[in-house]
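Hi everyone, thanks for coming. Let me put the structure on the screen, and then we can walk through a few parts of it together.

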Amino acid sequence: MFDLDALASCLSASACLVNQATSGLIIGMLLFLVASGVTLIFGVLHVINFAHGSFYMVGAYLAYTTYVVTGNYFLAALVGGVGAGITGILFERLIISRVYGQNLLMQLLVCYAFILIVDDLVKIIWGAEYLAMGIPAEFRLPPLRFAGGFIPPFYLFLVGVAVAIGLGSVLLVTKTRFGKIVRAAALNAPMVSALGIRVNVYFALLFGFGCALAGVAGALAAPVRSLTPGMGLGILVESFIVTVIGGMGSIPGAFLAAIILGLTRSIGSVGFPLFVDGAMFMIMALVLIFRPTGLLGQGAVR
Amino acid sequence: MKKSHSSPRRGLDRRTVLKGAAAAAAVGTGITGFPAYLKAANTPIKIGVPTILSGRVAILGESSVAAIKNEVRKINEAGGIEGRTLEPVFRDSRGKPDEAARMTRDLVNNEGCEIIIDAEASGASFAVNEVVRDMKQYCIHTNSETSSLTADPKNQVDWVFRGCRQGIHDAVGGGLVAAKVVKEKGLKKWATISPDYAYGRANTEEFMEYVKLFAPETEVITETWPKLFQPDYTENVTALLNAQPEVLYSCLWGGDLVAFFDQASLYGLFDQFTAFAVNLGDYPVLTAIKSRPAGVYSGSRYHKDIPDTPENEAWYESYMANADVLPTNWAWQNAAAINFIAEALKKTGGNTDTMKMAEATSGLTINSPFGVDGTLTIREEDHTLVNYMVGYSKTIVNEPYVVNFDQTAWSEIYKHEAEWKKRNGYA
């Protein structure tokens, strides 16, 4: 199961190190974008958005259509994010807000119903065939060579955007008036409401922002990942692992956990190819046992 | 609640009367004992089809449905069989074995289906196989390529057939072509990337077994096993780059194969190795991959030029005119199954009795656009399809996407299949 020779020779060769470190970062950053939405929504609204993968899918499909129509990838990524955000706000207002405070099973069922409905709608609108956007013309470049390793320019762009969005999210929550109101409302919604602030609007906007992050991730990944109805499910499971390891509600925690998971995957594919998924879940189990609040989580565990 | 109890129930009474009348009529005809075929004379022959119509592989199920509908349409327009039309009834099992089993029972018991086409993937096919064995229901499996489904005597049922590819046939074909290529180019070091579940593991093992048999100096230096439906293959791509093999084999399929190709192209992977991908040859895959590399060896799935005959071209045109999804490997297999069923029904005079249909299907040869020399046969000894197109093509960037089909002779396949059966205790 363990190929320690391969691992040792990889760790001592610069080409392999560069390849695996960058691939860990790439996998981690897209995971981070999705997971940061999950963690943000949980941190404030105390609801676990099991339907988060659907917004990733909506973002990817909207980006695909925008790219096909306009040929502009940057616009496509924007439309993917905004479209998923608007869908998220509608989902929050019309559906999930009705089961706030109810037991987890009810929320899970509502989300599952939403996942199935959105999957079928996507199939009706875009068809059941897998779609691929293809690498935008701007990024159709040969991979960069660094210390013998390969780094595709498109992935440099992905990582850059993901880090920028992650930083922006932290600033939004910690430094802006919007962030302060939302955090206050999370602690004591009736009090904030008594001050004349429409708490529901802020909750919906925050939910939409979380979904927009998933949508952007879907849109950014669309050129290299095939689009199929149901594509959100795979990323959902991994983003939950990230959220649990990083600490529910902590964006820096999600960032750290996403990098840990990304590196586990990339190093694991060399050193223990048959135990990559097992290793991810093992890390999650260890965190749950020894630090149930997650690496950087602070709140009480629900 | 109370109110509803005391409300007038005239409507229900009327329904009860109607139900009673219907029941009496049913009993009446039963007692008077009209021969079954007279009762059935003008009713359509219902064919129950459990398949996968949702989720990531829905395209395969949808192309199966489109192919069945198109063949049934042709048969019905030509007057049906002995005056009876065919009527397919589809069910979406989402590929779940328990659902497929339940739906198969429901199709027979409640929908009155007289024939079952099991258009499920392997997992659910084994479940359907047990249901039709139990119910003594005539059935053709149309999509499961797992060899043991019909090769293993434990799974064989007198009234059940396989109307699709079988893994071992493609493994022999692939092994022969791959061995020829690597010997010509002097390549020895192989790597594999296949999905980590029963099909991926078995298929890769069978393929490499035959490559090693035909090119003994072959050495597999690395294997990477992404899980099914994994969204990102970057770590697998870089693991392959690090290992620096000379040849690559993959049985990734569908959207997973599309994603792998697009991601691997970012690293220029296909400029560095010779690659074999058994499932690359399907239209939805070939058309979806944007950075389609040239020179990749692709297994035979369905292609309008394989075989390159006017009959196959005509089938393609007819399918495309009536379907809203591209044809796949599953599409031709289901079309062929309908043709086998129609031919068997002609032989039984429209009688759908399980044993009569089984007798008519066993060893049946039909004219078909998908066969070598224009014919397909369901072999008598193990009830499995033979004489279909097996071989590998090479990809090109633009239409027709694949060229230079290297066809494997069935005499070779028969020879190695017989040895494989002996090795596995199947013969």
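Let's start with a question: how many residues does helix α6 of chain B have, and how far does it reach from its first C-alpha to its last? This is a predicted model, by the way, so please keep that in mind as we go. Helix α6 of chain B, residues 122-135, has 14 residues and reaches 20 Å, close to the 20 Å expected at 1.5 Å a residue. Several of its residues are buried, among them B:Ser122, B:Ala124, B:Val128 and B:Val132.

Now over to chain A. Helix α3, residues 52-70, packs with α10(A) at an angle of about 130°, and the two axes are 8 Å apart. Because of that angle, α3(A) is oblique to α10(A). The crossing of α3(A) past α10(A) is right-handed. On the α3(A) side, the contact is made by A:His52, A:Gly53, A:Ser54, A:Tyr56 and A:Met57. From α10(A) come A:Gly232, A:Leu233, A:Ile235, A:Leu236 and A:Ser239. Sorted by type, the residues of this contact are 5 nonpolar, 5 polar and no charged.

Finally, where do the two chains meet? In the contact between them, 40 residues of chain A touch 37 residues of chain B. On the chain A side, α2 (14-45), α5 (104-126), α10 (232-246) and α11 (251-271) each supply at least two residues. The most come from α2(A), with 6 residues. That side of chain A divides into 22 nonpolar, 11 polar and 7 charged residues.

Technical notes
Residues are numbered from 1 along each chain as its sequence is written. Chains are lettered from A and ligands numbered from 1 in the order in which they are written. This is a predicted model: local features need pLDDT of at least 70, side-chain atom pairs count only at pLDDT 80 or more; totals for chains, interfaces and linings use all residues. Two residues are in contact if their C-beta atoms, placed from the backbone, lie within 7 Å. Helices (H or I, at least four residues) and strands (E, at least two) are DSSP runs, numbered from the N terminus. Ala, Val, Leu, Ile, Met, Phe, Trp, Tyr, Cys and Pro count as nonpolar, Asp, Glu, Lys and Arg as charged, and the others, Gly among them, as polar. The expected span of a helix is 1.5 Å times one less than its number of residues. A residue is buried if 20 or more other C-beta atoms lie within 10 Å of its own, exposed if 12 or fewer, and partly exposed in between; C-beta atoms are placed from the backbone. Axes are lines fitted to C-alpha atoms, for helices over the stretch in contact, and angles run from 0 to 180 degrees between N-to-C directions. Angles under 35 degrees count as roughly parallel, over 145 as roughly antiparallel, 65 to 115 as roughly perpendicular and the rest as oblique. A crossing is left-handed if the near helix is turned anticlockwise from the far one by less than a right angle, and right-handed if clockwise.
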